[in-house]
Amino acid sequence: MKRDRRPRRSCLGCNAADGQSALLRIVIEHSGELKVDRLGTGRGGYLHQMESCWESFLRRKSLYRAFRQEVTRPAKEKLVLALRAGY
Ligand SMILES: [Zn+2]
């Protein structure tokens, strides 16, 4: 097996680790809103570009570990709507 030395991140939906290029980076703003941010500044998490992962993400009870603050249900729903719309 070839060893991949690039950093691997876990999807906040399915929890599977993947290369950063396969994942969307999600960051939290001071307002508590979530958005996709390819620049990757600040605290954030990762999601696959897949509806099934977004659904799992919506069902997650706590995202504190990823964002160091709790994320509200409306904030998660807003993010997923943006993802579905092509963000
Ligand atoms: Zn996933």
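Me: Why is C53 called buried?

Reply: The relative accessible area of C53 is 2%, and a residue counts as buried under 20%, as exposed over 50% and as partly exposed in between (with a 1.4 Å probe and protein chains only), so C53 falls in the buried class. This is a predicted model, in which local features need pLDDT of at least 70 and side-chain atom pairs count only at pLDDT 80 or more, while totals for chains, interfaces and linings use all residues. Residues are numbered from 1 along each chain as its sequence is written, and side-chain values use heavy atoms, with hydrogens and water left out.

Me: What makes C14 partly exposed, and is C11 buried or exposed?

Reply: C14 has 37% relative accessibility, so it lies between the two cut-offs and counts as partly exposed. C11, with a relative accessible area of 1%, is buried.

Me: How do you know which atoms are donors of the zinc ion?

Reply: A donor is an N, O or S atom within 2.8 Å of the metal (3.2 Å for Na, K and Ca), and sites may look incomplete because water is not among the atoms. The SG atoms of C11, C14 and C53 and the ND1 atom of H48 coordinate the zinc ion at 2.1 to 2.3 Å, so these four meet the cut-off. Of these residues, C14 sits in the loop between β1 (8-10) and β2 (17-19), whereas C53 belongs to helix α1, 39 residues apart. Helices (H or I, at least four residues) and strands (E, at least two) are DSSP runs, numbered from the N terminus.

Me: Why is the site of the zinc ion called tetrahedral?

Reply: Four donors count as tetrahedral if all angles lie between 85 and 135 degrees. The angles among the four donor atoms here are 103 to 114°, so the site is tetrahedral. The ideal angle for four tetrahedral donors is 109.5 degrees.

Me: How many disulfides does the rule give?

Reply: A disulfide is a pair of cysteine sulfur atoms within 2.5 Å, and by this rule the count comes to zero.

Me: What makes a set of residues a nonpolar core, and how many residues does the largest one have?

Reply: Such a core consists of buried Ala, Val, Leu, Ile, Met, Phe, Trp, Tyr and Cys residues joined through side-chain atoms within 4.5 Å. The largest has 21 residues, and L34, L47, F57 and F67 have the most contacts inside it. Contact means heavy atoms within 4.5 Å, and beyond its neighbours within four places in sequence, L47 touches residues including C11, C53, W54 and F57.

Notes
Tetrahedral: all angles 85-135°; square planar, octahedral: opposite > 155°, others 65-115°.
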